[in-house]
Amino acid sequence: MGRRLNDPEHSRFASLILLSVALFSCVLVYAVVSTFLNPNVGSQDSSFESLEMVASGDLGERKDECCRGIENLELWGPAVKWGSEFKFNSSVECCQACKTMCSGNDGPCLCDTWVFCGNKEACGSRFGECWLKKQKDPLSPDRQDAGKSIIWTSGLIFGKGEGIVGMETEYGTLHIKLFPGCAPYSVAYILELLTMRHCVGCQFYRAESRGQSWDSEGNHIKDAPYGPPFALIQGILEAQGTPFNKMPTEACPTIRRGSVAWIGSGPEFFISLANHREWKNSYTVFGSVLPEDMEVAEKTVQLPTNQMSGTTLTCLSWKSLFL
């Protein structure tokens, strides 16, 4: 027997449909208004995410390429996971455990330091211990000890808005996101420069524009030559009076617009103004300029060549930043 239109069950069903439509309309209106009032919401997070993709080697490197640490180094700090009760078979697993505590969008990392004991003979019963820690200042980590007798391997993790340093020039500040998981030794050296506040001897001395080979987003223009010019700014990061130890080869993802990399073992370095897939995996990348600061980098290529190494471009100074 068919139901009448005023049947109670039918009325309840119709009411639920109307309620669902009303709720959907409210959500849609809220989303549109929020986007209109806050057009830049999420833009900074997306910038960090793109930089982190570079750091993690999204162009073919193994997943463990950016979970590196420094051997014979024990970093200190309050423990968030005790190694005596938290063990793994490799330093990569220990590093990844720390990263899982640093992947949220609701605040700073709960873990920014991992310390692992991976030498079975030297560690003995402590083999596999993975200590996860939290630094008071991740750009100035607390060191317990270092040297050949130290059985620990330590690494740092910088989350969104963390691990950003400022390279000050007379044209503005270049904010650089450091990649400690990809290039721990290189980042450790940069953190040493931070303690000097002003790096006398650090400077740019070469700048080449994108020319007619790359567009404003750094993409190579079809059929155009790959230089010259080579779309880069080149300089040196060596403080006068301080001996420079050659940097080891670390993670070498494909060079992208904004990549900050060593030339060879340093101290010469460059900032790329374009995506250089043709260079393949030839350079250790230890950081990347935030996209919004690439305008500052572009300004330097407008200088006459004879002014790059003269008085126009002053020595670079560094500062730690928390954004």
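Modeller: Buried means under 20% relative accessible area, exposed over 50%, and partly exposed in between, with a 1.4 Å probe and protein chains only. This is a predicted model, where local features need pLDDT of at least 70, side-chain atom pairs count only at pLDDT 80 or more, and totals for chains, interfaces and linings use all residues. Residues are numbered from 1 along each chain as its sequence is written, and side-chain values use heavy atoms, with hydrogens and water left out.

Colleague: Why is K280 called exposed?

Modeller: K280 has 58% relative accessibility, so it counts as exposed, the cut-off being over 50%. K280 also has a positive phi of about 55° although it is not a glycine.

Colleague: Why does A231 count as buried?

Modeller: Its relative accessibility is 0%, and buried means under 20%, so A231 counts as buried. The phi of A231 is near 55°, again positive in a residue other than glycine. A231 is in the loop between β10 and β11; strands are DSSP runs of E with at least two residues, numbered from the N terminus.

Colleague: What makes β4 and β5 a pair?

Modeller: Two strands pair if DSSP finds at least two bridges between them. Four bridges join β4 (residues 113-117) to β5 (residues 130-133), and the two run antiparallel, so they pair. F116 stands opposite C130 in β5.

Colleague: Why are β1 and β3 at the edges of their sheet?

Modeller: The open sheet has five strands in the order β1-β7-β4-β5-β3, with antiparallel pairing. β1 (70-71) and β3 (79-81) each have a single partner strand, so one side of each is left without a neighbour in the sheet.
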